[in-house]
Amino acid sequence: MTDDRTLLARVFLSRVVEPGDEVAGRWIREGGVHELVQRLRSAGEALPGVSGKRWAGLLARAGQADPRADLVLAQRAGARFVAPGDTEWPTQLDDLGDARPLGLWVRGRPSLRVWALRAVAVVGARACTEYGAHMAATLAAGLAERGWVVVSGGAYGVDGAAHRGALGAGGATVAVLACGVDRPYPRGHTELIGRIAEQGLVVGELPPGDHPTQSRFVLRNRVIAALTRGTVVVEAAHRSGSLVTARAAQRLGRFTMGVPGPATSGLSAGVHELLRGEAALVTDAAEVVELVGDMGELAPARRGPVLPRDLLEPGARRVLAALPGSRPASPEEVARGAQTSEDEAVARLYELRALGYVERHGDGWKLTRQAVISVREGRSPC
């Protein structure tokens, strides 16, 4: 468990250091958080790996940081700070190495560590189509119904649809924000993020009140990828931020999946590029769980509807297939086509007549009108 001094040090650094700063991560790994905090508070000499200008910027931030005040603000918003080493810390985040978060601000009652053990990210285009929103919501609902936690970024489009799908199914969802967890963004999702905080978890690296920037959105995506067993991308153009999440997942050895869209859709071009690489094609929650779940959680076999003729014995199916569609055929001709004896062919023809597939025409046999229609349209002749 993190002691109070270390907690305050990490909260202090969360106000000073940008998310994903690998140089600062190396400083902490080599010297510890307390040494870095002391150097920043005392305006000491710059540490290796940064320019004088950047070090001056860090010192300016350090002069304004007040970790105790941040903890009070977080408490008012119903949030807590979870640091590496805490019982609630998801250890899979340690796979990020020096880019690991200094800690996470968390709103919501459930344990982040427990939920992250069985979590899948569903991400995609903000300006998604109706198809994309439908697929994201359906996938999320299916995952939630199977006991999986749906993780996304709280944004418009696919993210929002995924969160709503999970909530609508009475399931669990986590929103990972690129701003303070007390500052819902986008503003249009204030109600949604509030609902997630009540029923699930809202998570972020930035301290209370901090605002999002373009770089923070990009860096937030590595947390989504690391928290989950796999990432599903639903609609993404070639330059979509959701592809950043997918590629981070690939680097971390997580499963990467994509939902295909129309070949002509620019919003699916990035997904299709992923699918040409190492990503797996998925179309529903069962296929996602087959990849990320435990052994034996297999998706059902895919096949078309079972037709009455599928239930015929193989010999009868061969005889039926040997009959011409437009004229009668003799038993000898049918036997040759079915590669069987004439006696066997005659026996099968009488069996097929009883089922309504064939009828006699003098010395020959012909498909019934209903049988011709059923063969063409996949319907039963009876």
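Figure 1. Leaving aside neighbours within four places in sequence, Val232 touches Val120, Ala121, Val122, Val123, Leu139, Met257, Val259, Val282 and Val288. Contact means heavy atoms within 4.5 Å. Val232 belongs to strand β7. Its relative accessibility is 1%, so Val232 counts as buried. Buried means under 20% relative accessible area, exposed over 50%, and partly exposed in between, with a 1.4 Å probe and protein chains only. The model is predicted: local features need pLDDT of at least 70, side-chain atom pairs count only at pLDDT 80 or more, and totals for chains, interfaces and linings use all residues. Residues are numbered from 1 along each chain as its sequence is written, and side-chain values use heavy atoms, with hydrogens and water left out.

**Figure 2. The open sheet of 9 strands.** The strand order is β1-β2-β6-β5-β4-β3-β7-β8-β9, with mixed pairing. β1 (79-82) and β9 stand at the edges with a single partner strand each, so one side of each has no neighbour in the sheet. Strands (E, at least two residues) and helices (H or I, at least four) are DSSP runs, numbered from the N terminus. Two strands pair if DSSP finds at least two bridges between them. Strand β6 (residues 201-204) and β5 pair in the parallel sense over 4 bridges. Leu177 stands opposite Gly204 in β6.

**Figure 3. The hairpin of β10 and β11.** Strands β10 (residues 358-361) and β11 (residues 364-367) run antiparallel and are joined by 4 bridges. Glu359 has Lys366 of β11 as its bridge partner. The hairpin has 2 residues between the strands, and Gly362 takes a positive phi near 65°.

**Figure 4. Two nonpolar cores.** A nonpolar core is a set of buried Ala, Val, Leu, Ile, Met, Phe, Trp, Tyr and Cys residues joined through side-chain atoms within 4.5 Å. The largest has 36 residues, and Leu93, Val174 and Val233 have the most contacts inside it. α10 supplies the largest share of this core, 5 residues. A second, separate core of 23 residues includes Val120, Ala144, Val259 and Val292. Beyond its neighbours within four places in sequence, Val174 contacts Trp115, Val149, Val150, Val151, Ser152, His163, Leu201 and Val203.

Figure 5. On a 1 Å grid over the protein atoms alone, a cavity is a set of points where a 1.4 Å probe fits but cannot get out; lining residues have an atom within 4 Å of a point. Grid points are joined across faces, edges and corners, and a volume is the space filled by probe spheres set on the points. By this rule there are 3 cavities of 30 Å³ or more. α10 gives the most, with 3 residues. By class, the lining has 6 nonpolar, no polar and 3 charged residues. Here Ala, Val, Leu, Ile, Met, Phe, Trp, Tyr, Cys and Pro count as nonpolar, Asp, Glu, Lys and Arg as charged, and the others, Gly among them, as polar.

**Figure 6. Packing of helix α12.** In helix α12 (residues 269-276), the buried residues are Ala269, Gly270, Val271, Leu274 and Leu275. They pack against β7 (230-234), α11 (241-251), β8 (255-259) and β9 (280-281).

**Figure 7. Asp210 and its surroundings.** Asp210 sits in the loop between β6 and α10. Its relative accessible area is 12%, so Asp210 is buried. Leaving aside neighbours within four places in sequence, Asp210 contacts Arg15, Cys179, Gly180, Arg183 and Arg216.

Figure 8. A cis peptide bond links Tyr185 and Pro186, with omega about 0°. Pro186 lies in the loop between β5 and α9 (190-199). Glu235, not a glycine, has a positive phi of about 60°. Glu235 is in the loop between β7 and α11 and is buried at 1% relative accessibility. Gln339, also not a glycine, has a positive phi of about 55°. Gln339 is in the loop between α15 (331-338) and α16 (342-354). With a relative accessible area of 76%, Gln339 is exposed.

Note on methods: 1 Å grid on protein atoms, 1.4 Å probe; cavity = no way out; pocket = protein on both sides within 12 Å on 5 of 7 lines; lining within 4 Å.
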